Amino acid sequence: MPVPYWRLSGFYLFYFASLGALLPYWSLYLENLGFSAVAIGQLMALMMMTKIVSPNVWGWIADHTGRRMRIVRLGSFAAALTFAGVLLGDEFWWLALVMIVFSFFWNAALPQFEVTTLNHLGAQPHRYTNIRLWGSIGFIGAVAGLGMLLDRFGTGLLPMALLTLFAAIWLSTLWVPERAAPVMPAVHEPLSRVLRQPQVLALLGVCFLMQASHGPYYTFYTIYLEGHGYSRSLIGQLWALGVIAEVGIFLVMHRLVPRFGLRKLLLASVALAGLRWLLIAWFVDSLPILVGAQLLHAATFGVFHGVAIQLIHRYFQGRHQGRGQALYSSLSFGAGGALGALYSGFTWDAAGPTVSYVTAALISGLAWLLAWRTLRVSH
C-alpha cells in the first residue's frame with residue numbers, strides 16, 4: 001500500500017503552523033488585553049497542564065478502540081470549535097476555561113497522528129523526517145508571516161488567524177486513511193519496574209527540568225523583544241530562525257550520534273541551553289548576539305529532543321513504547337512547560353526579565369548536573 005505522503009504532510013503543515021501562531025504571539029495578545037505577567041503565565045501554564053493528562057487519556061482510548069484517526073478528527077474538530085470561545089469574551093476566568101477545554105482536545109491529535117504516520121510508513125520509518133519536515137515549514141511560515149501582519153494590523157487579528165488554522169487542521173485529517181498498527185510483542189516486565197530504574201528516573205527528571213528552563217522563552221520572548229524596540233516582523237524572523245536551525249540539526253543527527261554518543265550530546269545540549277538563556281538575559285539589545293542565541297535552538301531543542309526520543313525508545317520496550325512516549329510528553333512539555341510558564345510569570349512580574357532568564361539558566365544547570373551524575377549511556 002503506497003504511503004499517502006501529501007495527506008500526512010498536510011496535517012503536520014497546519015498543526016505546526018498553528019503552533020507557530022500560538023506560541024510566539026498568544027502572550028502578546030493577552031498583554032494587549034491588559035493582563036499582567038502573572039496572569040499571562042497562569043493562562044499559558046493551563047495550556048501546558050492539559051498535556052499532562054490529555055495524551056494519556058486519548059492514548060488509552062486509541063489503544064482500546066484502534067481507531068486513531070477517528071480520535072484525531074474528533075480532537076481537531078472539538079479544538080477548533082472550543083477555541084472559537086475566545087471570540088465571546090476576554091475575562092480571565094472565561095479565557096482560562098476556553099484554553100483548558102481547547103488544549104485538552106488539541107493535545108489529543110498529534111500523538112495519535114504520529115502513531116498513524118509510523119503505521120503508514122511500516123518498514124520505512126526513516127522517511128518520517130521527510131514528512132515531519134512540513135511541520136517545521138508550516139511553523140516558519142506562520143511565525144514569520146504573522147509577525148508582519150501583526151505589525152501592520154495589530155494583535156486583534158490573531159484569534160481569527162488561529163481559528164482558521166485549527167479549521168485547516170481538521171479538514172486535513174479528513175483525507176488521511178486509518179492504518180492499523182502491527183501486532184506488538186508482549187513485554188513481561190511491568191511498567192512500574194521500568195520506572196524504578198535510576199537511568200529512567202534521571203532521564204525523565206532531566207526532560208522535566210530542560211523544558212521548565214524554556215519557560216521565559218516560550219511565554220515572554222516576544223513581549224521581551226518588543227519592549228526593547230524590536231518590530232514584530234523581526235521578532236517573527238528570529239523565531240523562524242530558531243526552527244530553521246532545528247531543521248538543520250535534524251538532517252545531520254544520524255551522523256552526530258555515532259560520532260559523539262547520546263550522553264555527550266545530551267550534556268552539550270543542556271549546557272548550551274544555559275548559555276542561551278544568559279545571552280538573552282544580558283545582551284537583548286545586541287541583534288547579532290540574539291541571532292546567535294536563536295541558532296542555539298538547534299542544540300537546546302533539536303539535539304536534546306532527538307537524544308531524548310532515542311533514550312525513551314531504548315528504555316521503554318515492546319508494549320511500553322507508547323506509554324513511554326506519553327510520559328515523556330506529559331512530564332516535559334506538560335509538567336515542565338507548566339512550571340516554566342508559572343515561574344517565569346511570577347519572576348517577570350516581581351523582579352524583571354533578566355532574573356527570569358537567569359533563573360532559566362540555573363534550572364538548565366541543575367538539569368546538567370543530574371544528567372552528568374546519573375546518565376551513563378553511550379550510543
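**Helix packing around helix 11**

Helix 8 passes helix 11 in a left-handed crossing. The contact draws on Val206, Met210 and Ser213 from helix 8. Helix 11 contributes Ser269, Val270, Ala273 and Trp277. By class, this contact of helix 8 with helix 11 holds 5 nonpolar residues, 2 polar residues and no charged ones. The model is a predicted one.

The geometry of the pair was computed from the helix axes. Helix 8 spans residues 198-213. The axes of helix 8 and helix 11 lie 11 Å apart, and the packing angle is about 20°. Angles under 35 degrees count as roughly parallel. Helix 8 and helix 11 are therefore roughly parallel to each other.

Helix 11 covers residues 262-282, and lysine 264 is found in this helix. Lysine 264 counts as exposed because its relative accessibility is 59%, and the cut-off for exposed is over 50%. Arginine 376 is 112 residues away from lysine 264 in sequence. In space, the C-alpha to C-alpha distance between lysine 264 and arginine 376 is 9.8 Å.

An α-helix has 3.6 residues a turn, so residues three or four places apart point the same way.

Methods
Residues are numbered from 1 along each chain as its sequence is written. This is a predicted model: local features need pLDDT of at least 70, side-chain atom pairs count only at pLDDT 80 or more; totals for chains, interfaces and linings use all residues. Side-chain values use heavy atoms; hydrogens and water are left out. Helices (H or I, at least four residues) and strands (E, at least two) are DSSP runs, numbered from the N terminus. Buried means under 20% relative accessible area, exposed over 50%, partly exposed in between (1.4 Å probe, protein chains only). Axes are lines fitted to C-alpha atoms, for helices over the stretch in contact, and angles run from 0 to 180 degrees between N-to-C directions. Angles under 35 degrees count as roughly parallel, over 145 as roughly antiparallel, 65 to 115 as roughly perpendicular and the rest as oblique. A crossing is left-handed if the near helix is turned anticlockwise from the far one by less than a right angle, and right-handed if clockwise. Contact means heavy atoms within 4.5 Å. Ala, Val, Leu, Ile, Met, Phe, Trp, Tyr, Cys and Pro count as nonpolar, Asp, Glu, Lys and Arg as charged, and the others, Gly among them, as polar.
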